[in-house]
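Reader: I have a model open. Please show me how to read it, from the whole chain down to one residue.

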Amino acid sequence: MPSTRLSTSSSTVRVVDGRNTVTTTVRNQGRTVAALVRLAVRDQRGERVLPARYDDNYFWLLPGETREVRISWPARSGVARQVTVTAQAYNS
């Protein structure tokens, strides 16, 4: 399967109903479909923030298509508010 390129941009983390929440936009910048796009929230050390709830995950994107996904995790001490959202497709 030909490879593709993904990009992400995220909003500032907000607290909503006791959960840290971020909205991320994922874009397929490649010329082929992005298969099974998987998102992950990572803290400053690159560690995954768990448990996390995703509005969508493991989805397909056509070339040039974007998808907005809301992600949240418990707002408690010791859980990062400065995060990065990564996206990886089967063919990226």
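Author: We start with the overall fold and end at a single side chain. Keep in mind that this is a predicted model.

Reader: Which secondary structure elements does the protein chain have?

Author: Eight strands and zero helices. From the N terminus, the order reads β-β-β-β-β-β-β-β.

Reader: What do the contacts say about sequence separation?

Author: Take contacts between residues at least 6 apart in sequence. Of these, 66% join residues at least 24 apart.

Reader: And the surface and charges?

Author: The accessible surface is about 5700 Å², with 45% belonging to carbon and sulfur atoms. Of the 92 residues, 35% count as buried. There are 14 positive and 7 negative side chains, and the centres of the two sets lie 3 Å apart.

Reader: Now one residue. Is Thr4 buried or exposed?

Author: Buried means under 20% relative accessible area. Thr4 has 7% relative accessibility, so Thr4 counts as buried. Thr4 sits in the segment before strand 1 (6-10).

Reader: What does the side chain of Thr4 reach?

Author: Two backbone atoms. One is the nitrogen of Gly30, at 3.5 Å. Another is the oxygen of Thr32, at 3.4 Å. Beyond four places in sequence, the contacts of Thr4 include Asn28, Val33, Asn91 and Ser92.

Note on methods
Residues numbered from 1 in each chain as written. Predicted model: local features only at pLDDT ≥ 70, side-chain atom pairs only at ≥ 80, totals over all residues. Heavy atoms only, no water. Helix = DSSP H or I, 4+ residues; strand = E, 2+ residues; numbered from the N terminus. Buried < 20%, exposed > 50% of the residue type's maximum accessible area, 1.4 Å probe, protein only. Contact = heavy atoms within 4.5 Å. Areas by Shrake-Rupley, 256 points an atom, 1.4 Å probe, with all protein chains shown as cover. Lys, Arg positive; Asp, Glu negative; His and termini not counted. Charge placed at Lys NZ, Arg CZ, Asp CG, Glu CD. Polar contact = N/O pair within 3.5 Å; in protein donor to acceptor, adjacent residues only side chain to side chain.
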